[in-house]
Amino acid sequence: MDSQNFDMGDIDIAWCPGCGDFAILKILKQALAALEIAPQELVVVSGIGQAAKIPQYLKCNYFNGLHGRALPPATAIKAANPALTVIAESGDGDMYGEGGNHFIHTIRRNPDLTNIVHNNMVYGLTKGQASPTSQRDFKTPVQVHGVCLEPFNPLAAAIALDASFVARAFAGDAEQTVEIFNKAITHKGYSLVDVLQPCVSYNKINTYQWFKANTYYLDETYEPTDRTKAFEKACQTDKLALGVFYMSPEKATFEENLVAYRKDKSPLWQRQPNKEKIQNLIESIKNM
Amino acid sequence: MGRESSTQSGDVSIVLCGPAGMGIQTVESLLTRILKQAGYNVFATREYMSRIRGGSNSTEIRVSSNRVCAFVNRIDILVGLDKNAIRHLEKRISSDTVILADISSFGAGFDQSRWTFVNAEFTQIASDIGNKLYSNIVSVGTITGIFGIEEDVVTSCVSQRFGSKSEKIVRENVEAAEGGYQIGCKLVDSGKISIDIQPDSSVEEQMLLSGTEAVGLGAMAGGCNFIASYPMSPSTGVLAFMAKHSADFGLVVEQAEDEIAAINMSIGAWYAGARGMVTTSGGGFALMTEGISLSGMLETPVVVHLAQRPGPATGLPTRTEQGDLELALYAGHGEFVRIILAPGRVEEAFYLTQSAFDLADKYQVPVIILTDHYLVDCYYNISCPDLTDVKIENHIHQTQADYRRYELTANGISPRGIPGYGSGLVCVDSDEHDQSGHITEDLDLRVNMVDKRLRKLDALKNEILQPQLWPYENYKNLVICWGSTYHIVKEALAQLGCDDTSMLHYSQVYPLHPDTAGYLNKAAKTVIVEGNATGQFCKLIKLHTGLEVDGKILKYSGLSFTVEEVAESLDKMLD
């Protein structure tokens, strides 16, 4: 499939020139095309922020919901119709800050969806405040004396929660990131891809050059099934590793665990209430 | 006020009281089932403390010849399982109350002279059988003996209840019930207690149903196949009910990490074509309010069961109130259409919950079912809900390639597609959006979209439930109420026996029925009965009709209104 299948044509895009979001959009289209996923079978769920605008610029079904709340509807959409491919995509503030609780519990639930997080270590749409992943001493109009909170480490948190699939990518490297997206989308279970991405307007520290100088790829000898090793890699923050950090031993997905699909595989929208069965239940309550 | 004298007859109020963890609920559920099986009309309501052990919890069971379904203050027979029970209910015990208790278990120094005690050796009989814990079942047996229910009915109900336990436990429970039964018969023979209530064989064909079960069954009958919620009293029973039947009925039931996740999940489920709901109470609903607004903007339906309890904040977790009407009315930022239903009776909780799913689907708006602790927790015998005439509507639209989710239409309702059904794409956006669902800052379009969303209010006006006027078409006094107070106000009016006073009960509180002003204008005097401190429905009526209600009867102690207090207040207020 050609990635142009996902193009929206001549549209006005609200991102700043040079924003890493453009690169991620292009990469996502390439990955989806490579996987032959039809726009009709795809649902992209996002929250609020510049990154969360991504489905607006992609030909697909989408649910652009509330700030921080992409994961709960994404989980429910997959649970209501497991045949759909579901991607939950937003920025670091949305997923790790406002939606932090959902991030934890979605990993525990393990729905078969892909969680792509644009991580530029700053708030863009609200004009440059610290995000949960901003590095220490990062100065902003609100954090005027510099950030003094420990940066949130999404990979370490996900591995600690035994997430099904955990990866980090860099928006400046299309080739490798397409590969990582492909793996994440085809992986059965919850997949996290934290995508490092510069913010050209509000983060003058973590630039393209900075990311290039401070990242490296996990090599071929790296074994992503070793959780302890993965955690160690995730905790390494002087240089940031890229690639697939961790894949948990195979476990049932949220949808597979649902009793709703034990006898009937059809999506919920195709089901009608069984009046006779409900009438029988009423009768059994009567005789209780 | 023209009035005939009326006395309570053919109606006995039995109250069971004891500490949490002592099996009051077992006694209550067993006793009510035996009574119903024997053809007696039964109503039960509990009040309990927010704790797992100890304290004093009580259940009122009303048994009657003609069905009554309301909380009364009066206690005819009090079964006190410990001495604290007497203290707990002191204000409700009158000279006519017979206290049935094992006084030996109250300890030395207990002054029984102030009240009418009938000693019953519950503990002794239980100990003789082998365990003091059986004293509860002895008390059940005693009540059934007093009613003169056939002993076979009693023993078969007891055997059925404990059927899953070992043979020894079943036998001992049956023995305990039989022992109690003999006490009951002796009390009647000796003339210490007498009861004059006629069983009615048609009751046997009815079912005992609680508000919680009615909401759960109604949801299933309404095609609900997805529920995500976070536990919160008194709403959790609905979640547990759905979970219990999830495997049989193919329901997705998920305990969310918080109420925010719960409502966002349910909206997501509707987006994908499921019929989703949440069940919660005030505090949880407060957390969901951004989600209510989201449902309004996305025009993705959602059904919320909001079981009220007293606030603010944590308030009284196990008590009742009608204090969240304004929260439900105004929850969510921005302007959008919603529907708020407030069932007054258990059977109505079934039918209105069922219809809530069709309404939500048809108008693509949030529908809130506003109950309270009193309604969800009480139960009584009702005719079994009949699904024969229940029609499940389906408003899902198969999309074409050029599908636009927010097509501007005359009635404001745009055909609702779902992802994966048809060749179109379904784009929904919490930002202001164009007809295709894409973000826009075209401010003319913004105005068109607001107008489109609000037009749905006109579209649904024909389906607003008519408030129920009872008993007279023409009246001098009008008593207005809504939600769970239906039977209480009705019985209070019946007790007063006025021939010039009617009740106007609202089962849908929003949008307010357009005939409201007409009803009020017909009355010389209007009084409202509400379980809150500020008269929230009264304010809503004023807002929409400009009319002031003349008198307010308000209660916000955490307990439900009693029939007597409503009757007494009305008696003072009405001419």
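Helices (H or I, at least four residues) and strands (E, at least two) are DSSP runs, numbered from the N terminus. The structure is a predicted model, in which local features need pLDDT of at least 70, side-chain atom pairs count only at pLDDT 80 or more, and totals for chains, interfaces and linings use all residues. Residues are numbered from 1 along each chain as its sequence is written, while chains are lettered from A and ligands numbered from 1 in the order in which they are written.

**View 1. A:K286 in helix α10 of chain A.** Leaving aside neighbours within four places in sequence, A:K286 is in contact with B:M207 and B:C384; two residues are in contact if their C-beta atoms, placed from the backbone, lie within 7 Å. A:K286 and A:Q135 lie 151 residues apart in sequence and 63 Å apart in space, C-alpha to C-alpha.

**View 2. The contact between chain A and chain B.** Chain A contributes 49 residues and chain B contributes 54 residues. On the side of chain A that touches chain B, the elements giving two or more residues are β2 (61–64), α2 (71–80), α4 (100–109) and α10 (275–286). The residues of this side comprise 26 nonpolar, twelve polar and eleven charged (Ala, Val, Leu, Ile, Met, Phe, Trp, Tyr, Cys and Pro count as nonpolar, Asp, Glu, Lys and Arg as charged, and the others, Gly among them, as polar).

**View 3. The packing of helices α7 and α8 of chain B.** Helix α7 (residues 211–221) and helix α8 (residues 236–244) of chain B pack at an angle of about 50°, their axes 9 Å apart. Axes are lines fitted to C-alpha atoms, for helices over the stretch in contact, and angles run from 0 to 180 degrees between N-to-C directions. The two helices, α7(B) and α8(B), are therefore oblique to each other (angles under 35 degrees count as roughly parallel, over 145 as roughly antiparallel, 65 to 115 as roughly perpendicular and the rest as oblique). From α7(B), the contact is made by B:T212, B:E213, B:V215, B:G216 and B:A219, and from α8(B) by B:G237, B:V238, B:F241 and B:M242. By class, this contact of α7(B) with α8(B) has five nonpolar, three polar and one charged residues.

**View 4. The setting of these helices within chain B.** Chain B has 19 helices and 23 strands. Of its 575 residues, 55% count as buried.

Technical notes:
Buried ≥ 20, exposed ≤ 12 C-beta atoms within 10 Å, placed from the backbone.
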